[in-house]
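Me: I would like to learn how to read the features of a structure like this one, step by step. Could you take me through it, with the general idea before each case?

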Amino acid sequence: MTVPFAAFTSPLNWQQVSLLLDTVQYFADAPKWLSIPDEEKSSIPVPMTADTLRAMLETLDEEDAFTPQVFTIQWEPSATEDSGTLIVGLPSGEQIRQPAVLSQFSPV
């Protein structure tokens, strides 16, 4: 079972998530591994879709566009080597579960 990254937390603000969403929408026909910053500002490649980013953006306030909120990001492998579920913990405590096949994502 492939685990493409270790679980981490990411402080993201409205502007950052909005820019990530713009990037994903630009490459709509070719899903991308997005570089998501962790707490130490290191970039972690994550297979994230527009739907996941939209749900993340909905939890943030555009009026407070530069105040970061903490998201948790982890990978849950499936029985199939190349697939699993991206789990994003929202600041509200809710979770987004995004199934993904890793080979369908390419670097930005």
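Reply: Let us begin with exposure, for which a residue is called buried under 20% relative accessible area, exposed over 50%, and partly exposed in between. Please keep in mind throughout that this is a predicted model. As a case, Arg54 has a relative accessibility of 34%, so Arg54 counts as partly exposed.

Me: Which side chain meets that of Arg54 in a salt bridge?

Reply: The general idea is that side chains of opposite charge can pair when their charged atoms come close. Here the side chain of Arg54 meets that of Asp51 in a salt bridge, with 2.7 Å from N to O. Both residues belong to helix α2, where they are three residues apart, about one turn of the helix. Asp51 has a relative accessible area of 58% and is therefore exposed, since the exposed class begins over 50%.

Me: Let us turn to nonpolar residues. Which members of the largest nonpolar core touch the most other members?

Reply: In general, nonpolar side chains in soluble globular proteins tend to be buried together. In this structure the largest nonpolar core has 30 residues, of which Ile36, Val46, Met48, Leu53 and Met56 touch the most other members. At least two residues of this core are supplied by each of β1 (8-12), α1 (14-26), β2, β3, α2 (50-58), β4 (69-77), β5 and β6 (95-101). The largest share, five residues, comes from α1.

Me: With which residues is Ile36 in contact, leaving aside its neighbours within four places in sequence?

Reply: Ile36 is in contact with Phe8, Ser10, Leu12, Leu20, Ser42, Ser43, Ile44, Val46, Met48 and Ile73. One of these, Ser43, lies in strand β3 and, at 51% relative accessibility, counts as exposed. Ser43 and Ser10 are 33 residues apart in sequence, and their C-alpha atoms are 9.9 Å apart in space.

Me: What is the order of the strands in the open sheet of three strands?

Reply: The order is β3-β2-β7, and the pairing is mixed. The edge strands, each of which pairs on one side only, are β3 (43-47) and β7 (106-107). Strand β2 (residues 32-37) pairs with β7 in the parallel sense over two bridges, and the bridge partner of Lys32 in β7 is Ser106.

Me: Over the face of which ring does Lys32 lie?

Reply: Lys32 lies over the face of Phe27, at 4.8 Å from the ring centre.

Me: How many aromatic pairs does the structure hold, and how is the geometry of such a pair to be read?

Reply: The structure holds three aromatic pairs. One of them joins Phe5 and Phe8, with 5.9 Å centre to centre and 75° between the planes, which makes the pair edge-to-face; the reasoning rests on the cut-off that planes over 60 degrees apart count as edge-to-face. Phe5 and Phe8 are both buried. The rings of Tyr26 and Phe27 have their centres 5.0 Å apart and their planes at 90°, so this pair is edge-to-face too. Tyr26, with a relative accessible area of 69%, is exposed, whereas Phe27, at 28% relative accessibility, counts as partly exposed.

Technical notes:
Residues are numbered from 1 along each chain as its sequence is written. This is a predicted model: local features need pLDDT of at least 70, side-chain atom pairs count only at pLDDT 80 or more; totals for chains, interfaces and linings use all residues. Side-chain values use heavy atoms; hydrogens and water are left out. Rings of Phe, Tyr and Trp (its six-membered ring) pair if their centres lie within 6.5 Å; planes under 30 degrees apart count as stacked, over 60 as edge-to-face and the rest as tilted. Buried means under 20% relative accessible area, exposed over 50%, partly exposed in between (1.4 Å probe, protein chains only). A charge sits over a ring if NZ of Lys or CZ of Arg is within 6 Å of the ring centre and within 35 degrees of the ring normal. Two strands pair if DSSP finds at least two bridges between them. Helices (H or I, at least four residues) and strands (E, at least two) are DSSP runs, numbered from the N terminus. A nonpolar core is a set of buried Ala, Val, Leu, Ile, Met, Phe, Trp, Tyr and Cys residues joined through side-chain atoms within 4.5 Å. Contact means heavy atoms within 4.5 Å. A salt bridge is a side-chain nitrogen of Lys or Arg within 4 Å of a carboxyl oxygen of Asp or Glu.
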